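Subject: Structure for you to look at

Hello,

Here is the structure I promised to pass on. Please open it first, then read my notes below.

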Amino acid sequence: MSDNYKPRDHKDIEAAVQWAIAGAKSLEIVGHGSKRMIGRPAQYDATLDLSGIAGIILYEPQELVLSTKAGTPLAEITTLLASNGQELAFEPMDYGPLLGGAQGLGTVGGMLAANVSGPRRIRVGAARDHFLGVVAVSGRGETFKSGGRVVKNVTGFDLCKLLAGSWGTLGILSEVTLKVLPQAKAEATLVVFGMNDSAAAAAMAAAMAAPLGVSGAAHLPDYIASRFDDLDGAEASTVFRIDGLAASLGDCVASLKSAVRPFGDFATLNEAASQRLWRAIRDVQPFWANGPCGDRPLWRISTAPSKGYEIAAKISPASQLFYDWAGGLMWVAPPVTQDCGAGEIRHAVATAGGHATLVRAPAAVRASFDPFHPEAGALAALTKRVKENFDPKRVLNPGRMWAGV
Amino acid sequence: MPVLMPAQDDAVLKRRREIVRALRNIVPGEGVIDTEREMRPYQSDGLTAYRQIPMVVVLPHTTDQVARVLRYCHQNGIKVVARGAGTSLSGGALPLVDGVLLGMAKFNRIVEVDFANRVAVVEPGVTNLAITQAVEQQGFYYAPDPSSQIACTIGGNVAENSGGVHCLKYGMTTNNVLGCEIVLITGEIIRLGGKHLDAAGYDLLGIVIGSEGLLGVVTEVTVRILKKPEVARALLVGFPSSEEAGACVGGVIGAGIIPAGIEMMDKLAIHSAEEFVHAGYPLDVEAILIVELDGPRSEVDHLVERVAEIAKLSGATSLRASTSEQERLLFWAGRKAAFPAVGRISPDYFCMDGTIPRAMLPRVLLRMRELSQTYGLRVANVFHAGDGNLHPLILYDANQPGELERAESFGADILKLCVEVGGVLTGEHGVGVEKRDLMPVMFSQADLDQQQRLKCAFDDKGLLNPGKVFPTLSRCAELGRMHVSGGQLPFADIPRF
C-alpha cells in the first residue's frame, strides 16, 4: 500500500524528494497516469501526482514559444494553441486507449518524459526537438534549470534532451518551455493500394525523396486497412499526407501522384477523412485495448525505414502490424505467448538495427522481459552512471526502465 | 590575452618524453608531432586572441588508435583537447600546455550514403560542405550551414551543435544527426542512435551534441539528408528603422509563415557589405531584411507575395523579390560577406553571439547604441532575425592601448543584456573559453553543478577539454556529496488522497 502525494508547487516537489532521500523511499512520478502501464512494474513507497503543478506561464504566439507548468493537461495546451492557429508540430500521440485508459488525458510533462511524437515526426522532429527549456528537481532534491526560451541556444549541456524520454528516472519536470509552430492550413492524403510491405517501403522512400515535405507516410497491411472506414475495402493501403497552404496543396498533391504512380493505383482522401485517418494512425487505433487485438501484447519498434519489412519477415506470421514514419516505426501485436514475442522480436531488431519497446503486456511479462531495449557493456554502465549523478539514492521511478536504474 | 586555465600538471610535463614515446607506439609515423614549430598551427582556433602550444599533437586515423590514446591518457591522468578544423569562434579547441591535442583531420572518409534511408554516414573530419557535395547529385543536401561550412568539420559541428542561417526551418546540428560512434576517455567505444529516428534509452546523443568536447571523442556521425526544395526565392527589404524591420519579422511569423531564413543587417553592416561586394543593397535605410522562402514553386510564389504585403504594412521603403537564382545569390552575397566587409573598415573586431526573444530587438538595439557611445567603440549588427540570434560585431583596434579590454567589456555587457531580456549567452558559437566566465550570469551554481555531474558520468577525472564551458571545475567526489536537510516529514501540509 503506497501513499499518494499531490504537490501544490515547486517547493512541495523539492520537499517530497528530500523526504524520500532521508527515508530511503522510492517515488512513482505520475502526471495523469495515462502511460503508467509502460515499463517494468515496480513497487513504490509513494506516488507523487504532479497534476496539481498546472498552468500556462507564458505564451507568445509571435515568438513561437510556450512555457507551462509540467502538470498542465496536454489537451488544454493544444486547445490554446489551436485558438491561435498554432500546434505542437510533432503531433504527440495519445497512449490512453492503447493501454485501456480514457482518451484525451495526459500532461505536458508526461509527454516530454516519454518523448511522445506522432506521424509528423518524420518531417519536424520529435518532442525532444521542440523542448527548449526546463526547470526540474533532481533525485538529490535540488532544483536545476537548463536551456531557455529561444530556439537557437548552445549555452551549456542540453539537459532537455536527456530528460526527454527518461521516463521520470532522472528528474521531476516542474516547468517546461516548448517551441510551437503554425498549424498547416490544408491537408490531403493519397492512398496507394495493393502493395506488399517491401514494395511499400520502396514507395515511401520515393515519396520522402521528393521535395514535397510529405508530413505522413504509413503502410497498412490489408487486415489493418480494412478496419478504416475511409479506406476502400480490403486492400493493403500505403498512405501519404501532404499539408501546407490551400493555395499550393493541389500542385503538391499532383507532384506526389507522379512520384507514387509507378507503385500502383491510388485515390485521394478529402481533408476530413485525412484528419480522421492520421489521428487513428497517430493513436495506433487498430490495436486499442478495446479492439479486436486488445488482448495481444504490443511492441513499438524504431528502425531504419528500409529495414522494417525485414523485421516483419522474421517474426511470427500470426503477428499483426503496421508501419508509420515511412517504414521506420512499427507497431507490432504478436500472438499471446509466454514471452509476448520478446525473443524473436529482439533478435530480428538486433540484426536490422534500431530498438524495440514492449508497450503493452501483462505485468508478469514486463517483470521478466525488459520492456525497454536492453543495454549492455560500456553503454549500460554509462547509463547507470548518468542515473547515479542525477539520482544517487534511486528515489525517482527506480527500476522503471531497467533494473538498477 | 591571459585566460585562467586549469593549473598545469608539472608531473605530466616532466614525463613529456615518455608520453610522446608511448603515443608514437599507438600512432606510428607522422601521426605524433612534438616540435614547437610543427605544433604552432594548432596553437589556436578561430578565436585567435587565445593561443597555447600544446604538449603534443596526435593525429590518429583509426577509431582503435583514438581508443588507445584516450585509454593511455586516462590511465596516466593526461588532459586531452579534441580538434576538428579549428574554426571554433569560442576557443573550444584551445590547447593546454600539459595536454594532448587530438586532431581528427585524418578521419575524412564518407563511409556510406544511403538514399533509401536518407542518411549519410561520415567520419568526423569530413567538412560540412563535403557532405552536401557527396549527395547533391541525387538532389539531396545536409541542412545545417554554418558560415564556415567550407572548412568546418562535422565532428566540430557535433561538438558545438552548429547552426547557420536556416535553423528556423531546418534546425541545428542536434536536429539533423541520428547517430554517433563515440570513444569515452576510458577508451570504451559506444554507439548512440543509428539510422532510426528515436533514441533507445536515455538520449545520450542529444547530450553529446553541443558538449564542446567535454564528454567524449566522436569517431563517426550519421546525419539526416534532405531533398533540396524545388525552388528558393529571397526578398530584399529596406526599412527606415530597425524597429519596423523587427515588426515585419514578427508579422511574418505571426501570419503562420516559417521562412527558410530571415536575416537582418543594420546600417553600418549594410554600408560595409555594399562597398565590398556591390550586392545592390539600399543605402538610404536603417535596416534591411533578407527573407528566404523555399519549397514547392507554387507555395513559394504565394508566400513571396504574402511576405511582400506584410513588409509594406510594416513600413518597408524598398522591396525586391528575386526572380532568378542569380539574383537570390546576389541578395545573399552581401550578408555572407558581412564579416570580412566589416574587417575592411576596422583593424580588429569581435563577433558576439547571443540569442534574444525576437520582440526584445528594439530594446536591445537601443541599449547597444548607448553602450557603443559609453565605450567609444562602433558596433555593426548582423542578426539571424528569424530565431533571435544576434551577431553584433564590435569594432576595435588592438594596437590602441586599452581598446581590446574595452571591446571585451562591451561584449560581456551585450551578452548580459541578452540574458537580462530572456535570452542566452550563445546561440551557435559555443561557450568555450570565451563565454566561460559569463556562465553564472545565466545559470545558478546548482544548475552548473548538475551539468558538471553529467560530465562526471562520462569523464570522472575531468580530463576531456578542461577549462572550457565551466568557470570552475569541481571534483566529481565533491559534486557527488549529498546535502540532505533533515528528514523530518515535509508532507505535513501537502494534500494526500
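Predicted model: local features only at pLDDT ≥ 70, side-chain atom pairs only at ≥ 80, totals over all residues.

Overall build of chain B

The C-alpha trace of chain B spans about 70 × 70 × 55 Å along its principal axes. The chain holds 18 helices and 19 strands. Of its 497 residues, 56% count as buried. Take the contacts in chain B with a separation of 6 or more: 72% of them come from residues 24 or more positions apart.

The open sheet

Five strands of chain B make an open, antiparallel sheet, in the order β5-β6-β10-β8-β9.

Look at one pair inside it. Strand β8 (residues 177-183) of chain B runs antiparallel to β10 (residues 217-224) of chain B, and six bridges join them. Within this pair, B:I182 stands opposite B:V218.

Two helices pack on the sheet. Helix α4 (residues 63-76) of chain B touches β8, β9 and β10 of chain B, and its direction makes about 55° with that of β8(B). Helix α5 (residues 128-135) of chain B touches β5, β6 (119-122) and β10 of chain B. The direction of α5 makes about 130° with that of β6(B).

A covered strand

Strand β4 (residues 99-103) of chain B deserves a look. Five of its five residues are buried. Both faces are covered: B:G99, B:L101 and B:G103 lie on one side, B:V100 and B:L102 on the other. In a regular strand, side chains alternate between the two faces of the sheet.

Which strands are joined to β4(B)? Strand β2 (residues 56-58) of chain B runs parallel to β4(B), with three bridges. Strand β3 (residues 79-83) of chain B is also parallel to β4(B), with five bridges. B:L102 is the bridge partner of B:V58, and B:L102 is likewise the bridge partner of B:A82.

The nonpolar core

The largest nonpolar core has 288 residues. B:V223, B:C248, B:L289 and B:I394 touch the most other members. Helix α1 (residues 10-22) of chain A gives the most to this core: seven residues. In soluble globular proteins, nonpolar side chains tend to be buried together.

What does B:L289 touch, leaving out residues up to four places away in sequence? The list is B:V237, B:A245, B:C248, B:V249, B:I262, B:E263, B:M264 and B:A385.

Where the chains meet

The contact takes 87 residues from chain B and 86 residues from chain A. On the side of chain B that touches chain A, the elements giving two or more residues are α8 (204-208), α9 (242-254), α11 (297-313), α16 (439-442) and α17 (445-458) of chain B. The largest share, eight residues, comes from α17(B). By class, this side of chain B has 38 nonpolar, 33 polar and 16 charged residues.

Best wishes

Conventions:
Residues numbered from 1 in each chain as written. Chains lettered and ligands numbered in written order. Core = buried A, V, L, I, M, F, W, Y, C linked by C-beta atoms within 7 Å. Buried ≥ 20, exposed ≤ 12 C-beta atoms within 10 Å, placed from the backbone. Helix = DSSP H or I, 4+ residues; strand = E, 2+ residues; numbered from the N terminus. Contact = placed C-beta atoms within 7 Å. Pairing = 2+ DSSP bridges. Axes fitted to C-alpha atoms, helices over the stretch in contact; angles between N-to-C directions. Nonpolar A, V, L, I, M, F, W, Y, C, P; charged D, E, K, R; others polar.
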